[in-house]
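Please read the following note alongside the sequence and the structure.

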Amino acid sequence: MRKRNINIGEVNTIAMMLMLLGVLVAACEPAPDLFQSFTIKKGEHYADVRFPETLQQNTLSFQAIFDNSAQYDFGDASLQTNKNKLFGFSDCNSMHHENSARFAWQWFNGQLEIYAYCYVNGGRTEKFIGTVPLNTPSNYRIEVSGSSYSFYLNNYPPVTIARGNVCDRGVYYMLWPYFGGSVPAPHDVTIKIKKLF
Amino acid sequence: MKNLIIFVLVVLLALIVQFANAQSFSIAMNAEKTVSGTQYGPALSFQTKSNWRAGAFYQSVMNVRPERGEIKSEFYGISAAAPLKKCDGFVFYATFRAGLSNNQFLVLVPGIETEIRLTPRASVAFGTSIRMQHVAASGKLMFRIFNNSSL
């Protein structure tokens, strides 16, 4: 049987082809789903436990998807209009019941309503922004400036709420989904959130 | 301007400490790929005889966001590195940075780093850390300006 010598050029060619194949295979890899899923169990207020996280830029921008579990009926308008919290942050070195900015939501009149929800120097302020469809990603953004929070939801006009007397530099910790108000989730509620940078 | 003054003060402090204790004083160019873009900038540090490092850094990136236009993102502060293992021209460090992002948000960044000595005065370092709850990768080119033996 004839023995064939392999030279360096052939080795290089094979290596190049393998690398090219690797690149092609990698290019076929499906894009990862970067949405994080939060499930608030029936009877609970909070979703899963998370590591503490802080805001690191003037803007909190994200997409969120509500599914059919966002529909509920307490049979009592005063409970039905309790605002559930979606996502936001506490302001500079403040506890969130002192100074914070969040998006909030409620199922009301057969639609999912989104609110700007803030604590300013200990006082609560809520402003209706718009409605969002179920099972569809919607775009949310909170911009914090020296004197105000600006809330952006899809193509609705922005809503602005005056900021309290807080420091400029410090810790702004994230506030994750919370069901209620005072009443816990009537069934499992799932929300998907994808932070945008 | 205020940021620049703070940065210069930190550098001067680092210089004073260097003259008092340090084995060497280094200047570095940093690049760090984070989830929100790649930040670049200088860093200054002094290093003790037992390879502990401390210093200051500044890095920034200009991001373009469709809804908000061009946004400059800055991160500056102090850094420290503790040697974990040393072998032929390699030093492995646990690193820690603390500083302000956009001159407003306190940020703490743990990480690890490998330094490779190329020459007695030059080295490169590669590291990974947690920025904005995501993994960030960094590269650094370091030059020792002087050390005790050359003073």
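1. Two strands are said to pair if DSSP finds at least two bridges between them. Strands (E, at least two residues) are DSSP runs, numbered from the N terminus.

2. The model is a predicted one, in which local features need pLDDT of at least 70, side-chain atom pairs count only at pLDDT 80 or more, and totals for chains, interfaces and linings use all residues. Residues are numbered from 1 along each chain as its sequence is written, while chains are lettered from A and ligands numbered from 1 in the order in which they are written.

3. In chain A, an open sheet is formed by 5 strands in the order β6-β5-β4-β3-β10, with antiparallel pairing. Its edge strands are β6 (123-132) and β10 (174-175) of chain A, each of which pairs on one side only.

4. Strand β3 (residues 84-90) of chain A is joined to strand β4 (residues 100-108) of chain A by 6 bridges. Here G88(A) lies opposite R102(A) in β4(A).

5. Between β4(A) and β5(A) there are 9 bridges, and W107(A) faces L112(A) across this pair. The hairpin of these strands has 2 residues between them, and N109(A) takes a positive phi near 55 degrees.

6. β5(A) and β6(A) are likewise antiparallel, joined by 9 bridges; C118(A) stands opposite T125(A) in β6(A). Their hairpin also leaves 2 residues between the strands, and N121(A) in the turn has a positive phi of about 50 degrees.

Note on methods:
Helices (H or I, at least four residues) and strands (E, at least two) are DSSP runs, numbered from the N terminus.
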